[in-house]
Amino acid sequence: MAGVSERGGSRLRYWWNGPENGPVVALTHGATMDHRMFDPQVPVLTEAGYRTLAWDLRGHGESKPLGETPLTIADLAGDLLALLDEAGVSRPVCLIGQSLGGYVAQEAVLSRPERVGALVVIGSTCTTMPVARWEAWALKSSPWWFAAWPFGDLRRRMAARTAETPRARAYAYEAIGRLSRREFLEVWRAVAGAVRPRPGYTIEQPLLLTHGEHDTTGNIATTAPKWAARDPNCRYEVIPRAAHNANQDNPAEFNRILLEFLREHHPVAGRR
């Protein structure tokens, strides 16, 4: 079922699939991508008995325009929770987020922990762990660097670095092209402001933390082991033969690990 929700001056497009009584899995894509990046997961999840929500973040895909005010991660997390509320979802859900979607999922857990029963992160850093000063500076200054970069070249380079397989790269290139330069920079400003260290904080929900074997985006691969060690209920998996969009590059391996995790921590009644 497809639908539209008005939020903050944007018309959010979303898609529900699977049995209405199934445990809910909400899928949030990365920056410059859209809901289609989870096409390799949605049929597998619904076949396993899950009800899935996929949606386009503000300014991405079919969710236009970007909105009325400067974008924040809190806005996006609020959008996600509002979509769940509109659908009458009251039970804790499993949130799956890739890259920026991982930031959105973490914000939802931080702000409304009772709404989240499990969390899956693909190719994202932890927003609540401390970072080195130079890393914080690099992230904060990145919108200015991107503003000076010819957008066509930036689009080609991002698509090439995002994925490893030709099919996933072609998708990434097309998806990036659905954003205007202004939309891209506004989204990236939100990304740059996502990290807010919280000493002593841990995610208590079961967490599946993943990234591609060849993901060279930022410090994702180097900081993931520290994140996995911090949170008490974390399972950490590196997806082989995959880059940043690991769920697209190697869907068979990612889906196998995902279903194992869900069967243990977010099971379908009678199928555990």
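What volume does the largest cavity have? I read about 30 Å³ for the largest cavity. A cavity here is a set of points on a 1 Å grid over the protein atoms alone where a 1.4 Å probe fits but cannot get out, and lining residues have an atom within 4 Å of a point. A volume is the space filled by probe spheres set on the points, joined across faces, edges and corners. I found E107, L110, T127, T128, A194, R196 and R198 in the lining.

I noted the ground rules: this is a predicted model, where local features need pLDDT of at least 70, side-chain atom pairs need pLDDT 80 or more, and totals for chains, interfaces and linings use all residues. Residues are numbered from 1 along each chain as its sequence is written, and side-chain values use heavy atoms, without hydrogens and water.

Next I looked up salt bridges (a side-chain nitrogen of Lys or Arg within 4 Å of a carboxyl oxygen of Asp or Glu). I count 19 in the structure. D153 pairs with R156 at 3.9 Å, N to O. D153 also bridges to R157, with the closest N and O atoms 2.8 Å apart.

Then I checked E260, which forms a salt bridge with R235 at 2.9 Å between the closest N and O atoms. This pair links distant parts of the chain, 25 residues apart. I also see R235, E237, E253, R256 and E260 linked in a salt-bridge network.

Methods. On a 1 Å grid over the protein atoms alone, a cavity is a set of points where a 1.4 Å probe fits but cannot get out, and a pocket is an open set with protein on both sides within 12 Å along at least five of seven lines; lining residues have an atom within 4 Å of a point. Helices (H or I, at least four residues) and strands (E, at least two) are DSSP runs, numbered from the N terminus.
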